[in-house]
Amino acid sequence: VLEDFGNSTSRAAWLLSILGLSSAFGRIILGIVGDYTQKYVRILQGILIMLSIVILVLWYWLGYLWASQLIFATIFGFFSGSLNSITPVILSNYYGAERMATVTGIVFSAFVLGNLMGPVVTGFLFDFYGSYQLAILLCAGAYFLAFLVAL
């Protein structure tokens, strides 16, 4: 995708490194925030999902600019990574600590479906349309659906 936006392989690798690093910071920092705001963690989750959607859609329109790609990689990585940290907090609030292993295993196993289908569908859309733009918009739609489910 990054090369489709006009980046060299080296630049694409840098952007993915930035995304991964900011994702790690998002997991840690917003994980700590989730621990201290357990009562409001569902609101926090909704905000994080909506921010991820907005950032993804903005990237769709501004993705050809190098500066916007850097900003996207940093902010999207931070907020999307944090969702992995606060999900167990939400699950423990609803199901209790004694069922955490089972419930977390079930929830994170559901992610496998998206991880398995995402690249296949994206590849098909790219082959059919010659662009990743529809796939990006579908990802934003999936995030929005996740936001509605999180409500």
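Trainee: Why are helix 3 and helix 4 called oblique to each other?

Mentor: Their axes cross at roughly 135° and come within 10 Å. Angles under 35 degrees count as roughly parallel, over 145 as roughly antiparallel, 65 to 115 as roughly perpendicular and the rest as oblique, so helix 3 and helix 4 are oblique. Axes here are lines fitted to C-alpha atoms over the stretch in contact, with angles from 0 to 180 degrees between N-to-C directions. Mind you, this is a predicted model: local features need pLDDT of at least 70, side-chain atom pairs count only at pLDDT 80 or more, and totals for chains, interfaces and linings use all residues. Numbering starts from 1 along each chain as its sequence is written, and side-chain values use heavy atoms, leaving out hydrogens and water.

Trainee: Which residues in helix 3 and helix 4 meet?

Mentor: Contact means heavy atoms within 4.5 Å. From helix 3, Asn84, Thr87, Pro88, Leu91, Ser92 and Tyr95 meet Met100, Val103, Thr104, Val107, Phe108 and Phe111 in helix 4. By class, that contact has eight nonpolar, four polar and no charged residues.

Trainee: How do you know that the span of helix 3 agrees with its 30 residues?

Mentor: The expected span is 1.5 Å times one less than the number of residues. For helix 3 that should be 44 Å, and its end C-alpha atoms are 44 Å apart, so the two agree.

Trainee: Where is the kink in helix 3?

Mentor: At Ser85, shortly before the proline Pro88, with a kink of about 30°. The bend is the angle between axes fitted to the seven residues ending there and the seven starting there.

Terms used
Helices (H or I, at least four residues) and strands (E, at least two) are DSSP runs, numbered from the N terminus. Ala, Val, Leu, Ile, Met, Phe, Trp, Tyr, Cys and Pro count as nonpolar, Asp, Glu, Lys and Arg as charged, and the others, Gly among them, as polar.
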